[in-house]
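Thanks, everyone. I have one structure to show today, and I will keep it short.

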Amino acid sequence: MKLRHKQRRPAHLDAAHLGAALVVLGLLAGSCTAGSGRPAASTTTNPTTTTLLRPTTTLASTGDGAFGTRVKDVLTVGVTGNRPPFMVHKQFRVEGLEYDVVRAVASRLDVSLVQMVPASMVQMAAGLDCGCDLFIGGVEAGRELARVVDLSVAYLPAPPVGLVRVKGPRVTLTTVPTLRWGYLFEDDPARRTIEGQVRPTKPPSGFLSRRDALTALARSQIDVFMTNLPEALVVSRADKRFAVTGRFNVAAGMSIVLPLGSPNTPSLNDILTSLRDDGTLDFVARRWLGPQFDTVPLLPEK
C-alpha cells in the first residue's frame, strides 16, 4: 500500500462564528458522545497530517454516482484523532473499526482514495465547512444534535448498558431504581434512559469526562456508569476491574455526520443499509469489539 502525506492546516473558527460555536458547545454537551473515552464535540484538530490511503476492502463496488465528493475520485473523511479501537493512527497506516466502515463506504462509491482530515463536531454543528465529505467519530444520534447536522442511519449499534465494578451490586430491572447511577453530561441517550427507564430513587451523578466517571465507579462513589455497549466493551476489556451488565431495550447507534440538509445523506443511508444487510457491518463490529458484541443479553428481571 502506497502512502502519500501532505500537510494541512487545521480549520479554526473565525471571530464571526465564535458566538455560534459557544452555543453549539452547550448543545453538544447534552446531545452526543463520541466514544472511546473522548467527547464527540472535541475542539482539537489533531492529527495535522492528511493521509491518503487506497481502500483495500474486497467488497464489490456499486459505483454509486448519487454521492458527490468535493474532490473527484476521493472520499474526504473528517476525524478527530486517535481513538482505539475505532480509529487507530499508526506511523504508516490507519486502521480501526470506523476506518473499516469508511473503506467499505468508499468501495461502494467506487472512489480510489480515502483522505483523512482533521475536523470537529463543533465546526459541523456551527454550520462551518469541515473540509470533508463526511465526519465519523463515535457520534451517537440525539434529537438536539439532529437539529443542526444530518445523521446517517447507524453504522454501529450502541444500546445503553451499565458498567459496574466486578464485585459490585447485581444490576437487574428490579434493583436499578435503588442503585447510584452516573453518566456523561454529553451522553443524551444515557441521560434519557436513566430518566425514562431507570428512574432512580437517588439523583444520578453527571460527569464531564469518562475518566472522572470511571474513577468514581472504581471508588464506589457510584454503583453503575451508564454508557453505550461499544464503549463499555472497550473499557471492560482494558480494565478488568469493570464488567458490562445486560443492555437496556433501547434502539441507539453511532452515526456518520454530514452538514445539515446534505444531498449526500440519502445515498449514504442506502450504502450503510446495504452494508448492514449483507453482514459487513456486523463483521467489522465483531472484528474490533469481539464476538461478545452481539451476544450481550437484555437486563434480567431479577
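This is a predicted model: local features need pLDDT of at least 70, side-chain atom pairs count only at pLDDT 80 or more; totals for chains, interfaces and linings use all residues.

Start with strand 10, residues 181–184. Is this strand buried or exposed on its faces? It is covered on both: Trp181 and Tyr183 are buried on one side, and Gly182 and Leu184 are buried on the other. As a general point, side chains in a regular strand alternate between the two faces of the sheet.

Now the partners. Strand 10 runs parallel to strand 11, residues 205–207, and three bridges join the two. One of the residues to look at here is Leu184, whose bridge partner in strand 11 is Phe207. Strand 10 is also joined to strand 12, residues 224–228, by two bridges, and this pair is parallel as well. On that side, Trp181 has Val224 of strand 12 as its bridge partner.

How do we get from strand 10 to strand 11? The path goes by way of helix 4, residues 188–198, and the three elements make a right-handed β-α-β unit.

The second stop is Ser236, which sits in helix 6, residues 229–238. Why do we call this serine buried? Because its relative accessibility is 14%, and the cut-off for buried is under 20%. The side chain of Ser236 comes to 3.2 Å from the backbone oxygen of Leu233. Leaving aside residues up to four places away in sequence, Ser236 touches Leu163, Phe242, Ala243 and Val244.

That is what I have; I am happy to take questions.

Definitions and conventions
Residues are numbered from 1 along each chain as its sequence is written. Side-chain values use heavy atoms; hydrogens and water are left out. Buried means under 20% relative accessible area, exposed over 50%, partly exposed in between (1.4 Å probe, protein chains only). Helices (H or I, at least four residues) and strands (E, at least two) are DSSP runs, numbered from the N terminus. Two strands pair if DSSP finds at least two bridges between them. A crossover is right-handed if, with the strands pointing away from the viewer, the path from the first strand over the helix to the second runs clockwise. A polar contact is a pair of N or O atoms within 3.5 Å; within protein, one must be able to donate a hydrogen and the other to accept it, and residues adjacent in sequence count only if both atoms are side-chain atoms. Contact means heavy atoms within 4.5 Å.
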